[in-house]
Every structure is written in C-alpha cells, then in structure tokens.
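Me: I would like to learn how to read a structure like this one, feature by feature. Please show me the model and take the features in turn.

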Amino acid sequence: MKDLVIVGCGGFGREVEDVVDAINQEQPTWRVLGYVDDAPSDVNAALVSRRGSQLLGSVDEVLAHREPAHFVVGIGRADFRRAVDARFREAGWEPATLIHPTVTIGADVVVGDGSVICAGVRITTNVRLGYSNHINLNTTIGHDVVAGDFVSINPLVAVSGWVEIGDDVLLGTQCCVLQGLSLGHGSTAGAGSCVVKDVPAATVVKGVPAR
Ligand SMILES: CC(C)(COP(=O)(O)OP(=O)(O)OC[C@H]1O[C@@H](n2cnc3c(N)ncnc32)[C@H](O)[C@@H]1OP(=O)(O)O)[C@@H](O)C(=O)NCCC(=O)NCCS
C-alpha cells in the first residue's frame, strides 16, 4: 500500500477519496493518511470526519513534518491547484494518478500524472490528457482529443473528436464541445453550453450556442 494525502477537503477533494476507495476495493493500493488543507471550513472538517477520514494540517505543516509520499490535489481552481502542486513536487512528493475502476479507456490513450478520472467517464482512442486533469463523473472524451495541464471537466460533459483543450480550461457541467474546436488557455465554457466555435484564451462562453 502506498501512502497518499488528498490536498483540499472541499467537495471535490472528498469525492477524490471515493475514487481511492473504489480503486482499493478492486486492488488494495492506497493508504489515505488524510487531508491537507490550509483553511478547512467547519462544515468541510465535519464532513471529512463523517466519512471516517482526518485532517492532517496545512500544506506548510505537512511538508515540514511528514516524509514525502504520494499526493493528489482535489482543488478545482486551476491556479490554486497549480500552486499547491508545485509546492508538493518541489518537496519531493509524487503525484498520484487516480482512475475509477468503472472508467473505460480505448487504445493509445495517455492520462497525465496527477490526474483524477471519476466514475463513469468514457475516453475513446488516441487521446492525450495532460498533467493534473480532473475529469468528473460520466464525462465522455472522444477520439484524438488533446488536453493541456490543470484542465477541469465537470460532470456529464461531452467533448467531441479532435478537440484541443488548453491548459487551465474549465468545462462546466453538461457542456458539449463540437468536433475539431479549440479552447484557449484559461478559457471557460459554462454549464449547459454548446461550444460551436473556437474559444480564445481567457474567455468565458456560455449558452446554446455558446457566446
Ligand atoms: C459560465 C460561468 C463560468 C459564469 O460565471 P460568472 O461569470 O460568475 O457568471 P454570473 O454568475 O456572474 O452570471 C452572469 C450572467 O450569466 C448567466 N449565466 C451564468 N452561468 C450561465 C450558464 N452556465 N449558462 C447560461 N447563462 C449563465 C447568469 O444568469 C447571469 O445572467 P444575467 O447577467 O442576465 O443575470 C458559470 O456560471 C458556470 O456555468 N460555471 C460552471 C459551473 C459548474 O459546472 N458547476 C458544476 C460543479 S461540479
């Protein structure tokens, strides 16, 4: 069993532990030491304990007092995720890649280190996902998609074939992206949107068709 800490005890951080639990049910792999969080709310702290886990302290405390092990960052915001990821890697910790056992993955697919792929995701063929991607429940990713680093794809998104997704992109829940389009660095497609044109960097689009 490999020791693992989950950084961030918010909603997605706690969902990450479900992915770990499912992996462990198939094949005992990870021993979750607990959650690292600089400012856990009382609500989140209580929810961590209700699911039988524990808070270990802040990033500073954990990096100062624990031997390097594996870590996964369960923080949605790409800029926070990138910053905290850098601190752990600089301190010699190894990113864990977590793929729920119900995920289906076709031939010639690369999932970047530090990524979390949640239950029910379907990834077809010749796909490249970058470092620390969060692919949330029941999303589909079609053939030849290329995604950068720190991408967040919320539940039930449909990414069509040959789509290029830049670093730090957020796709809101139930959005769909038509084939062959690109989403620039740091862009966002809102929940429920249908992306029908390329999205420039650092741009938010929403609606059907997305504007
Ligand atoms: C698109 C999004 C990024 C916009 O965020 P924002 O800029 O803070 O937007 P605001 O909440 O200030 O809303 C601005 C306007 O856009 C509208 N709007 C917000 N989100 C929208 C969406 N997804 N689709 C259509 N319109 C939307 C609001 O109703 C508001 O309209 P108004 O000016 O006529 O009142 C955000 O709403 C979104 O969809 N995020 C993804 C959320 C998600 O996936 N959640 C699941 C988590 S697992």
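Me: Which residues does Pro 68 touch, not counting residues up to four places away in sequence?
Reply: A contact here means heavy atoms within 4.5 Å. Leaving out residues up to four places away in sequence, Pro 68 touches Ala 91, Gly 92 and Trp 93. This is a predicted model, and the contacts are computed from its atoms.

Me: Where does Pro 68 lie, and how far is its C-alpha atom from that of Ile 23?
Reply: Pro 68 is in the loop that runs between α3 (59-65) and β4 (70-73). Ile 23 is 45 residues away from Pro 68 along the chain, and their C-alpha atoms are separated by 22 Å.

Me: Is Pro 68 buried, partly exposed or exposed?
Reply: Buried means under 20% relative accessible area and exposed means over 50%, with partly exposed in between. Pro 68 has a relative accessible area of 44%, so it is partly exposed.

Me: How do I read a sheet, and what is the strand order in the open sheet of seven strands?
Reply: Follow the strands from neighbour to neighbour. In this sheet the order is β6-β9-β12-β15-β18-β21-β23, and the pairing is parallel. The edges are β6 (98-99) and β23 (204-205); each has a single partner strand, so one side of each is left without a neighbour in the sheet.

Me: How many bridges pair β9 with β12?
Reply: Two bridges pair β9 (residues 116-117) with β12 (residues 134-135), in the parallel sense. In one of the pairs, Val 116 has His 134 of β12 as its bridge partner.

Me: What is the strand order in the open sheet of six strands?
Reply: The order there is β7-β10-β13-β16-β19-β22, again with parallel pairing. At its edges stand β7 (104-105) and β22 (194-195), each with a single partner strand, so one side of each lacks a neighbour in the sheet. Strand β19 (residues 176-177) runs parallel to β22 and is joined to it by two bridges. Cys 176 stands opposite Cys 194 of β22.

Me: Let us turn to loop residues. Where is Ser 115, and is it buried or exposed?
Reply: Ser 115 lies in the loop between β8 (110-111) and β9. Its relative accessible area is 0%, so it is buried. The side chain of Ser 115 reaches the backbone oxygen of Gly 130 at 3.4 Å. Beyond four places in sequence, the residues that Ser 115 touches include Ala 96, Thr 97, Leu 98 and Tyr 131.

Me: Which backbone atom does the side chain of Thr 139 reach?
Reply: It reaches the backbone nitrogen of Val 157, at 3.1 Å. Thr 139 sits in the loop between β12 and β13 (140-141). With 0% relative accessibility, Thr 139 counts as buried. Among the residues it touches beyond four places in sequence are Gly 120, Arg 122, Asn 154 and Leu 156.

Me: What should I look for in backbone angles?
Reply: Phe 150 is not a glycine, yet its phi is positive, at about 55°. Phe 150 is in the loop between β14 (146-147) and β15 (152-153), and is buried, with a relative accessible area of 4%. Leu 156, also not a glycine, has a positive phi near 65°. Leu 156 belongs to the loop between β15 and β16 (158-159), and is partly exposed at 45% relative accessible area.

Me: Which residues does a cis peptide bond join?
Reply: The bond joins Val 208 and Pro 209, with omega about -10°. Pro 209 lies in the segment after β23.

Me: Which residues surround the ligand?
Reply: List the shell, then check the polar pairs. The ligand is surrounded by Asn 154, Pro 155, Gly 172, Thr 173, Thr 188, Gly 190, Ala 191 and Lys 206. By class, these shell residues divide into two nonpolar, five polar and one charged. A backbone N or O atom of Thr 173 is 2.8 Å from a ligand oxygen atom. For Ala 191, a backbone N or O atom likewise lies 2.8 Å from an oxygen atom of the ligand. Lys 206 places a polar side-chain atom 2.8 Å from an oxygen atom of the ligand. On its own the ligand has 910 Å² of accessible area, and the protein covers 35% of that.

How values were computed. Residues numbered from 1 in each chain as written. Predicted model: local features only at pLDDT ≥ 70, side-chain atom pairs only at ≥ 80, totals over all residues. Heavy atoms only, no water. Pairing = 2+ DSSP bridges. Helix = DSSP H or I, 4+ residues; strand = E, 2+ residues; numbered from the N terminus. Buried < 20%, exposed > 50% of the residue type's maximum accessible area, 1.4 Å probe, protein only. Polar contact = N/O pair within 3.5 Å; in protein donor to acceptor, adjacent residues only side chain to side chain. Near = heavy atom within 4 Å. Areas by Shrake-Rupley, 256 points an atom, 1.4 Å probe, with all protein chains shown as cover. Nonpolar A, V, L, I, M, F, W, Y, C, P; charged D, E, K, R; others polar.
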